[in-house]
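Here is a short briefing on helix packing and aromatic pairs. Look over the structure first, then work through the points below.

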Amino acid sequence: MPSGLRDNNLKNSRHPSSPHWSLLGCGALGGVFASLLTQSGQPTRVLLSERHRATLHPGIDFTSLEGHTQLLAIERGFIDKPGPIQRLLVMTKAGQVVSALTPLAGKLAAGVPIVLLHNGMGIAEQVVQLFPHNPVIAGVTSHGAMQNGHFVFRHTGKGETWLGPVNDAAKAHAHLADELARALGQAGWDEQILTRQWQKLAINCAINPLTALYKLKNGELAGPRFADVLQQICVEVADVMQAEGQPTGSDELLRRVMTVVELTADNYSSMYQDMEQGRETEIEAITGFLLGKAATHGIAVPVNQGLYQAVKEKR
């Protein structure tokens with residue numbers, strides 16, 4: 001189909017009583033992942049909160065990277081009566097993960113894997129406490145997504161996705177990365193997922209607050225205006241990472257940041273989108289997490305502290 005043309009046929013496949021994936025959190029990235037999973041032939045149910053019960057739920061309007069638009073019929077459920085769950089993919093904002101999962105505490109069958117895909121850190125440990133009998137898997141992804149309206153989603157950038165175990169029970173579920181790869185084109189399993197989480201945190205600490213505060217596309221950070229502050233952010237993050245047993249250097253982190261800036265030049269960061277829409281940002285789980293670790297080790301991080309305060313005041 002030529003780029004930009006809409007397929008008006010509502011794509012609908014009969015879902016079994018227990019979809020392969022139950023997806024909690026249908027924001028920009030959640031909507032894109034639900035669409036990609038459905039297109040790959042993996043039945044997916046989106047679990048909505050009670051406040052959505054009275055809302056019209058049309059088909060998902062999904063625009064691919066190539067500009068093709070489809071209407072996708074994706075099964076909907078509600079968190080109070082979610083139905084059978086084979087594996088749970090949690091894609092809410094970091095600050096909403098625990099509250100979104102709490103209604104399932106004591107109800108989710110033991111052994112059902114919980115996959116967490118959100119920005120920031122410090123959340124997975126709380127989920128393990130809430131679900132002591134479930135495999136908990138942490139993930140990082142660099143896919144780009146935008147939500148342009150009610151159940152209207154656009155895939156804006158193809159990236160990498162990595163999963164890894166948070167607890168011992170999760171180590172038996174490496175195959176979930178292969179299943180995600182069918183939908184995303186790439187997904188991998190990494191037993192040392194904590195290292196990838198820290199690397200992603202460093203990138204988010206650099207890109208998200210600056211783009212949100214200055215109202216920029218990611219690519220605009222490549223200019224000389226932000227060279228010094230990006231370097232200072234990376235120096236501070238590297239100091240904290242080293243204290244946390246994650247050997248890295250500020251130059252290495254800066255290279256990673258600038259690579260992402262280049263690859264996602266036309267994208268708006270999630271924090272920019274949240275701030276523009278008046279939504280809660282993930283600053284607590286990103287820069288706030290860094291500040292907490294810095295305080296533990298007695299490390300000064302004044303640039304990150306300043307950005308944290310500025311974002312908090314803007315909200």
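**Aromatic pairs and helix contacts**

Phe226 counts as buried, at 5% relative accessibility. The model is predicted. Phe226 also belongs to an aromatic pair with Tyr214.

**Aromatic pairs**

- Three aromatic pairs turn up in a search of the whole structure.
- Tyr214 and Phe226 are one of these, in an edge-to-face arrangement. Their centres are 5.3 Å apart, with 75 degrees between the planes.
- Tyr214 sits in helix α5, while Phe226 sits in the loop between α5 and α6 (227–243). The pair therefore ties together parts that are 12 residues apart in sequence.
- Tyr214 is partly exposed, with a relative accessible area of 41%, whereas Phe226 is buried at 5%.
- Tyr268 and Tyr272 form a stacked pair. Here the centre-to-centre distance is 4.6 Å and the planes are 20 degrees apart.
- Tyr268 is partly exposed, with a relative accessible area of 28%. Tyr272 counts as buried, because its 14% relative accessibility falls under the 20% cut-off.

**α5 against α7**

- The crossing of α5 past α7 is right-handed.
- On the α5 side, the contact is made by Gln199, Ala202, Ile203, Ala206 and Ile207. On the α7 side, Leu253, Arg256, Val257, Val260 and Val261 take part.
- By type, the residues of this contact are eight nonpolar, one polar and one charged.

**α5 against α6**

- The crossing of α5 and α6 is right-handed.
- α5 contributes Trp198, Gln199, Ala202, Cys205, Ala206 and Leu210. They meet Val229, Leu230, Ile233, Val237, Val240 and Met241 of α6.
- The contact of α5 with α6 has 11 nonpolar residues, one polar and no charged.

Definitions and conventions: Residues numbered from 1 in each chain as written. Predicted model: local features only at pLDDT ≥ 70, side-chain atom pairs only at ≥ 80, totals over all residues. Heavy atoms only, no water. Left-handed = near helix turned anticlockwise from the far one by under 90°. Helix = DSSP H or I, 4+ residues; strand = E, 2+ residues; numbered from the N terminus. Contact = heavy atoms within 4.5 Å. Nonpolar A, V, L, I, M, F, W, Y, C, P; charged D, E, K, R; others polar. Phe/Tyr/Trp six-rings, centres within 6.5 Å; stacked < 30°, edge-to-face > 60°. Buried < 20%, exposed > 50% of the residue type's maximum accessible area, 1.4 Å probe, protein only.
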